[in-house]
Structure formats: structure tokens, C-alpha cells
There are 2 protein chains.
Amino acid sequence: MKPRDHAADHYRRMLSAERHPLERLDGSAAIVKCARNQEIPTGEARGGHWYCLITGAVRRSAIRHGGRRQIVELMLPRDFFLVSETQGEETVEAIAEHTVLASYPCARVELLAEQDRQLAQELREIASQSLARTRDQLMILGGITAVEKVGSFLLSLDERTSSESGRLDLALTRYDIAEYLAVSVETVCRAITDLQQRGIIALVGTRTIKILDRGALEHRARKKMNANRKRLIAA
Amino acid sequence: MKPRDHAADHYRRMLSAERHPLERLDGSAAIVKCARNQEIPTGEARGGHWYCLITGAVRRSAIRHGGRRQIVELMLPRDFFLVSETQGEETVEAIAEHTVLASYPCARVELLAEQDRQLAQELREIASQSLARTRDQLMILGGITAVEKVGSFLLSLDERTSSESGRLDLALTRYDIAEYLAVSVETVCRAITDLQQRGIIALVGTRTIKILDRGALEHRARKKMNANRKRLIAA
DNA sequence: CGTGTGATTGATCGAGCTCAAGCTCGGTGG
DNA sequence: CCACCGAGCTTGAGCTCGATCAATCACACG
């Protein structure tokens with residue numbers, strides 16, 4: 001039962017349900033809904049818009065020489081991000097079907113920030129979190145094996161998602177994961193299957209998993225080394 | 001012939017030689033010199049220090065589960081970066097033998113920024129550049145083949161270095177490059193040798209290269225793609 | 001009930017990790 | 001001066017992993 005006319009207010013309440021940066025701007029925030037694969041509007045305002053993701057997921061991606069797409073930032077609920085008109089090569093799109101965001105005109109935010117130290121501080125905090133997200137992805141991409149990458153990706157998702165139940169709901173397709181990790185879709189599948197067969201994760205649905213063994217996920221995805229070593233010693 | 005007592009003034013002049021953010025703080029900047037592999041001092045000041053790299057190179061690295069080291073940010077002359085005491089897992093170290101930096105206490109910078117819109121704007125600019133550096137590295141790491149990674153790394157280095165001569169001086173060892181790209185040292189070597197043999201780059205010294213064919217560097221690493229492309233166009 | 005999108009599995013082959021061995025070069029002690 | 005090191009760089013051989021191509025399966029939708 002979704003309220004139709006009052007949908008925006010519904011999300012506004014969700015937004016205000018907990019403290020967050022830019023909180024005091026909630027009153028002036030516009031609620032925007034996007035369907036899957038729909039581009040997040042830049043807005044006509046000078047400097048673009050700040051967004052706070054309420055529901056769903058958003059990707060920022062770039063096309064690489066050769067035509068492959070690379071996701072360079074993944075936004076989850078309560079993440080802030082900037083979409084500006086001078087984005088160049090980048091596109092910012094909704095991943096999940098029902099993606100809802102709060103939108104703050106950039107110019108207005110900056111104007112207010114000049115008068116308001118607290119707000120300026122919050123803006124710096126937001127920027128710092130964006131940097132942290134990107135560094136996080138960097139570390140994940142730096143993994144050697146695919147299982148390692150997928151594993152640390154799942155962990156990272158789990159940490160960022162405030163999931164009370166032990167279940168982790170990926171709002172992403174395998175293709176999105178593949179583009180985030182810079183590996184092929186097939187490899188993502190195989191890695192997930194592998195983790196599942198080793199009892200480290202469990203698939204509840206296709207897009208919902210349960211992490212059974214966190215320790216195994218963070219640590220080594222190398223096992224063959226032992227066999228190798230033994231064989232060599234035996235020889 | 002290096003002036004001993006006046007060395008700091010020498011670098012101060014280098015620093016002031018061109019416009020840059022925080023320029024007005026140059027007067028209060030301390031000049032710091034670091035040897036290769038020496039950690040950049042956090043400083044005792046609350047919130048750490050901002051640094052502007054004048055000469056040399058600096059890496060920010062983290063140790064990954066399994067013991068491998070991953071460089072998550074590479075600083076070149078005229079880059080700004082923050083070293084704070086709550087850095088956690090990260091270490092920030094000089095890469096080049098003679099690395100010289102200008103140091104600005106973070107607390108002082110922020111204090112001034114509250115009074116000075118221009119300065120606050122410059123700080124945001126600095127943060128934005130740091131994010132851009134990290135995203136750049138992300139895109140490089142997202143490459144499939146090692147030649148692709150090394151190639152785009154060299155291009156990125158070249159763009160960031162204001163080299164008047166066509167020569168690009170890497171201040172990094174092969175090991176550093178390997179840790180930046182998350183590949184093995186041997187693979188870095190082979191990639192460089194490969195690029196050299198194909199006439200795309202030329203080695204002047206071990207650590208100095210000349211880029212002969214920029215187009216080839218950006219593009220090819222793939223040759224099989226043709227089959228793919230045909231299929232896509234046909235569709 | 002076809003159609004399309006997403007997910008999975010199999011087979012093949014080349015790229016890159018690993019181990020191993022040399023190589024270059026600058027410094028250090030005899 | 002030379003011998004000897006050690007750090008960095010390079011090359012080779014073998015083997016694993018993942019990209020690629022191909023085929024199915026699951027499922028929602030018109």
C-alpha cells in the first residue's frame with residue numbers, strides 16, 4: 001500500500017528518520033524517483049546537485065577505451081554524491097528499480113555553507129566519505145584472485161548496509177558487480193558459486209546472500225598453494 | 001653545490017614560483033625534507049598536517065590481508081595531501097631520495113578557512129583533486145591486461161608531470177609501480193619491455209622513459225577485440 | 001507461448017603469478 | 001684497487017586462473 005500523493009512526504013520522513021549531514025536542508029530538498037538504468041538528472045542549476053540516496057542504489061560509471069564500462073563509485077542508501085553538468089565522460093545512473101533520492105541544489109548548499117560553519121564541516125565530511133568509498137573500491141580491485149575481489153566486495157557491501165537481519169540484499173545484477181570489480185560476469189558467477197560451495201556464503205535468492213563465515217571472506221582465497229608445495233617437496 | 005643554511009629558502013622560492021592553493025600560507029609553511037622510504041611526519045598538531053609536495057614523490061599505502069602492500073595514492077610535485085594521526089592502517093612515505101615538502105598545520109588552515117571564503121574554496125579544490133587522483137588510479141587498475149595497466153599508468157604520470165622535454169622521469173622503482181598497479185614486479189618488467197620492443201616507448205635510463213606513440217598507449221592492449229566489435233556492429 | 005534479460009556452467013586458451021636464476025650497479029670493507 | 005655484497009631489474013619455465021566463446025536455464029512480460 002503505497003500512498004500516492006503523499007509518497008514524497010513518506011520518503012521525507014525516511015530521510016529525516018536519522019541524523020545526517022545536510023539535515024537542516026531537508027525542508028528544501030526535492031524528492032526524486034528514478035527507474036532502473038535511468039540517469040540521475042543533473043538539474044539545470046549551476047554547479048549541479050547534491051543528492052542523498054534514500055532507497056535503491058546508484059552507480060557512477062565511465063566508458064573505457066575499448067568500450068568496456070567501469071563503475072567508479074557505488075552509492076547506497078545514506079550516501080551523498082554530487083552530480084554536476086561538467087561530468088564529462090561519466091554517467092550517473094540508478095541501479096535498482098525503485099531508487100529514491102533527496103536533491104539539494106549545489107549553488108544553494110554552497111551559499112549556505114559560507115554562512116554556516118557547521119554545514120561547511122558537514123560538506124567536508126561528505127567529501128571525505130566519498131574519498132573513502134573510492135579508496136575502498138581501490139583496495140578491493142587490488143585483490144589478486146577473483147574470489148578475493150568478490151569476497152571483499154561482499155564484505156564491503158555488508159559493512160555499508162545497515163542490515164539487521166544477517167541477510168545481505170545486493171541491489172546489483174551480476175553485470176554491475178562485474179563492472180565494479182573489472183572482471184567478467186562469468187567469473188563473478190563462478191566466484192559466488194565457489195564461495196557458496198565452500199560454505200562461506202549462502203544464496204537465499206539470486207540477489208540475496210547470507211554471509212556464513214566472515215573470517216574466511218576477509219582472508220586468503222588461496223588454497224592451492226599447499227597442494228603445490230606438497231607436490232614439489234614430494235618430487 | 002647546495003646552499004646549506006639557505007636550502008629552505010631555496011625550496012620556498014620554488015614553492016612560490018607559481019600560483020597554487022594555500023599560496024597565502026606559504027609564509028607560515030615549514031619546509032620538510034625526507035629520505036627514501038622515510039615516513040612523512042604526522043606532526044603533533046591536532047588533525048595532522050597538510051602537505052604540498054615540492055620535489056620527489058610520496059606514496060600512501062596500506063597492507064592488505066596476506067601481507068601484500070597496496071599503494072592507494074601517489075603524490076607528485078604540486079600535489080596536496082593530508083597526513084593525520086588517525087590514519088589507521090595507512091602509511092605515508094617518501095618514495096624518492098630527495099623529497100621536499102611544505103607543511104601546513106591542519107588546525108591552522110581550517111581556522112583560517114573559516115574566515116576566508118577563497119581559502120575554503122581552495123581547500124575544496126584540493127579535496128576534489130585528491131578524489132580525482134584516486135579515481136584515476138581506479139580506472140587504471142580496472143584495465144584487463146598488464147600492458148594496458150602499465151600503459152595508462154605511464155600516460156597518467158606523464159599528464160601529471162609538467163615535463164617540458166619529452167622524457168618522463170619515474171621517481172618510482174619497479175616494485176612501487178607493481179604495488180600501485182596490483183601486479184607482480186616481473187609483470188611490470190615484461191610489460192615495459194614489451195612496450196619498448198613494439199616501439200611505443202623508449203628507455204632512456206632505467207627510470208627514465210620517452211613516450212613515442214601516445215595513441216598506441218591509450219588504445220591497444222587488445223587485438224582480439226576485432227572479432228567482438230564486428231559482432232556488436234552486426235547486431 | 002515466444003522473447004528478452006539475467007544467471008549459470010562447460011571448454012578452451014592465453015595472460016600473469018610464482019619460483020628460479022642472472023644481471024647491473026653503486027657502495028663498502030679488506 | 002678489487003672482491004664482495006645487496007638492492008633493484010630482467011628473463012625463463014611451468015602452471016593456475018580468468019577471459020572468451022558457447023550453450024542452457026530461470027523467469028518475467030507482452
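Q: Which residues come nearest to DNA strand C?
A: Of the 19 residues around DNA strand C, A:Thr173, A:Arg174, B:Thr145, B:Ser184 and B:Thr187 come nearest. A residue is near a strand if its C-beta atom, placed from the backbone, lies within 6 Å of it.

Q: What sort of model and numbering is this?
A: This is a predicted model, in which local features need pLDDT of at least 70, side-chain atom pairs count only at pLDDT 80 or more, and totals for chains, interfaces and linings use all residues. Residues are numbered from 1 along each chain as its sequence is written, while chains are lettered from A and ligands numbered from 1 in the order in which they are written.

Q: Which helices supply at least two residues of the surface near DNA strand C?
A: From chain A, α5 (174-181) and α6 (185-197) do, and from chain B, α4 (146-160) and α6 (185-197). The largest share, 6 residues, comes from α6(A). Helices (H or I, at least four residues) and strands (E, at least two) are DSSP runs, numbered from the N terminus.

Q: How do the residues of that surface divide?
A: Into 8 nonpolar, 6 polar and 5 charged. Ala, Val, Leu, Ile, Met, Phe, Trp, Tyr, Cys and Pro count as nonpolar, Asp, Glu, Lys and Arg as charged, and the others, Gly among them, as polar.

Q: Switching to the protein contacts: how many residues of chain B are in contact with chain A?
A: 24 residues of chain B are in contact with 23 residues of chain A; contact requires C-beta atoms, placed from the backbone, within 7 Å.

Q: Which elements of chain B supply that side?
A: β4 (69-75) and α3 (117-141) of chain B each supply at least two residues. α3(B) gives the most, with 11 residues. The side of chain B that touches chain A divides into 10 nonpolar, 8 polar and 6 charged residues.

Q: β4 again. What is the strand order in its sheet?
A: It is an open sheet of 3 strands in chain B, ordered β4-β3-β6 with antiparallel pairing; strands pair if DSSP finds at least two bridges between them. The edge strands are β4 and β6 (91-94) of chain B.

Q: How many bridges join β3 to β6(B)?
A: 4 bridges join β3 (residues 58-63) of chain B to β6(B). B:Arg59 has B:Glu93 as its bridge partner in β6(B).

Q: Which helix lies across β3 and β4 of chain B?
A: Helix α5 (residues 174-181) of chain B, running at about 100 degrees to β4(B). Axes are lines fitted to C-alpha atoms, for helices over the stretch in contact, with angles from 0 to 180 degrees between N-to-C directions.

Methods:
Two residues are in contact if their C-beta atoms, placed from the backbone, lie within 7 Å.
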